[in-house]
Amino acid sequence: MRVPEAEFTSYYGRPILKGPVWKWDIAAYLFTGGLAAGSSLLAAGGQLTGRPALRRAGRVTALAAVSASAVFLVKDLGRPARFHHMLRVAKPTSPMSMGTWILTAYGPAAGVAAIAEVAEVAGVLPRHGLLGLAGRALPSVGHAAGLLAAGTAPALATYTGVLLADTAVPSWHEAYPELPVIFAGSALASGAGVGLLAAPPAQAGPARRMAVAGAALELYGAHRVETRLGLLSEPYRLGRPGRLLRAGRLLTAGGVAGALLARRSRVVGGLSGVALLAASVATRFGIFYGGVASARDPRYTVVPQRERVEARRTNGGTST
C-alpha cells in the first residue's frame, strides 16, 4: 500500500512569490515601446524606398510612442530622477540597465527625425543666414537620425521581453526564448498598422510586408508559450490573459488578411491597420497579465520545481 501523494497547498493559501507590483501602465509601456520601434523601422523603409507618406507617419508616431513610454516609465519609477540615476552605470547583465541606455540612444534620434519631418512639412525652415544654413541641413540630419533610430529599434522592441523573462515570475521566466520573439513580431505588426492607416495603398507595400513578418513571429511565439511550457502555459490560456491572447491572434490574422487584400482600397487598409494595432495591445496585455496570474498561484511555482527535482533524480538514477 502507498500513501497518496499530497496535493500542494501553501500556508494559508498565500503566494510563495511576491507578485509584480507593476500595474496596467507597464503593460501599456510594453506596447508603446514596441510601437515606437516598429514605427521607426517603417519610417526607415519609407525613407530608403522613396515613400514619403510612410516615412512621415513612422517618424511622427515613433516620437509620440516613445514619449508615451517615457511617461509610463517615469510613472512607475515614481520620480524622473530615478531614470537619470540608472545612467550612472552600464551593466550588460541587467536588462533594466541596458533598456535605460537603449531608450537614451533611441529617444533623441527619434525626436530629431520627427522634428525634421514636421519642420519640412510645415515649411517653417529658414532659408537665409546662419539659420538658413541650419535649416537646409536639417532634412539630412533628420534622415541620419531616422536611420539611427531604426538601428536601435530592434533592441528597443525586444529588451522588454528579456526584462520580463529575467524575473522570478514563473510563466515569464520559463518563456525566455519566446518573449523577445513575440515582442519583435508585435512591434513589426504595430508599425505596419501605422503604415496601413496613414499611407495610400500605392505606398503601403513595405507596411504589408512588415505585417506578414510581424504576424508570423507573433503568432509563432504566442503559440509556443501557450503549448510548450506545460503547466506554466496554463495562465496564458485561462481567464483574462487567455481572452486577450485569443483576441490578439484573431485580430492579427484579420489584419494581415486585410492588408494583403487591400492593395487598392484605402478603407480596407485602414481597418487592417486598426486591427493590427489592437492585436498588439491585446498580445502585450495578455502576456503581462498571464505572468501576473502565474505569480499569484503558488502551484505554478512549486509544481514545476518538484518536476525538475524528480527529473534530476530520475536521470541521476538512470546514469548510475
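## Threonine 152 in helix 5

Threonine 152 lies in helix 5, which covers residues 129-165. The model described here is predicted. With a relative accessibility of 18%, threonine 152 counts as buried, because buried means under 20%. Setting aside residues up to four places away in sequence, threonine 152 touches Ile102 and Tyr106.

## Confidence

The average pLDDT of the chain is 85, and 86% of the residues score at least 70. Confidence is lowest in helix 3 (residues 80-86), where the mean is 66. It is highest in helix 7 (residues 179-198), at 94. Where pLDDT is low, the predicted coordinates should not be read in detail.

## The second largest cavity

Rolling a probe the size of a water molecule over the atoms shows where empty space is left. The structure has four cavities of 30 Å³ or more. The second largest cavity holds about 60 Å³ of space.

The lining of the second largest cavity consists of Ser40, Ala43, Gly58, Arg59, Ala62, Ala110, Ala113, Gly146 and Ala149. By class, five of the lining residues are nonpolar, three are polar and one is charged. At least two lining residues come from each of helix 1 (24-48), helix 2 (52-77), helix 4 (95-122) and helix 5. Helix 2 gives the most, with three residues.

Side chains of opposite charge can pair when their charged atoms come close. Ten salt bridges are found in a search of the whole structure. In one of them, the side chains of glutamate 117 and arginine 55 meet at 2.8 Å, N to O. This pair links distant parts of the chain, since glutamate 117 is in helix 4 and arginine 55 is in helix 2, 62 residues apart. Glutamate 117 and arginine 55 are both buried.

Glutamate 117 also meets the side chain of arginine 59 in a salt bridge, at 3.0 Å, N to O. Arginine 59 is buried, as is glutamate 117. Arginine 59 is also one of the residues lining the second largest cavity. A network of salt bridges links Arg55, Arg56, Arg59 and Glu117.

Arginine 249 and glutamate 226 form a salt bridge, with their closest N and O atoms 2.5 Å apart. This pair links distant parts of the chain: arginine 249 is in helix 10 (residues 239-261), glutamate 226 is in helix 8 (residues 205-227), and the two are 23 residues apart.

The two partners fall into separate accessibility classes. Arginine 249 has a relative accessible area of 28% and is therefore partly exposed. Glutamate 226, at 10% relative accessibility, counts as buried.

## Alanine 192 in helix 7

Alanine 192 is part of helix 7, the helix in which confidence is highest. Its relative accessibility is 0%, so alanine 192 counts as buried.

Beyond its neighbours within four places in sequence, alanine 192 is in contact with Ala207, Met210, Ala211 and Leu276. Alanine 192 and leucine 276 are 84 residues apart in sequence, while their C-alpha atoms are 7.6 Å apart in space.

Terms used:
Residues numbered from 1 in each chain as written. Predicted model: local features only at pLDDT ≥ 70, side-chain atom pairs only at ≥ 80, totals over all residues. Heavy atoms only, no water. Helix = DSSP H or I, 4+ residues; strand = E, 2+ residues; numbered from the N terminus. Buried < 20%, exposed > 50% of the residue type's maximum accessible area, 1.4 Å probe, protein only. Contact = heavy atoms within 4.5 Å. 1 Å grid on protein atoms, 1.4 Å probe; cavity = no way out; pocket = protein on both sides within 12 Å on 5 of 7 lines; lining within 4 Å. Points joined across faces, edges and corners; volume = space filled by probe spheres on them. Nonpolar A, V, L, I, M, F, W, Y, C, P; charged D, E, K, R; others polar. pLDDT = per-residue confidence, 0-100. Salt bridge = Lys/Arg side-chain N within 4 Å of Asp/Glu carboxyl O.
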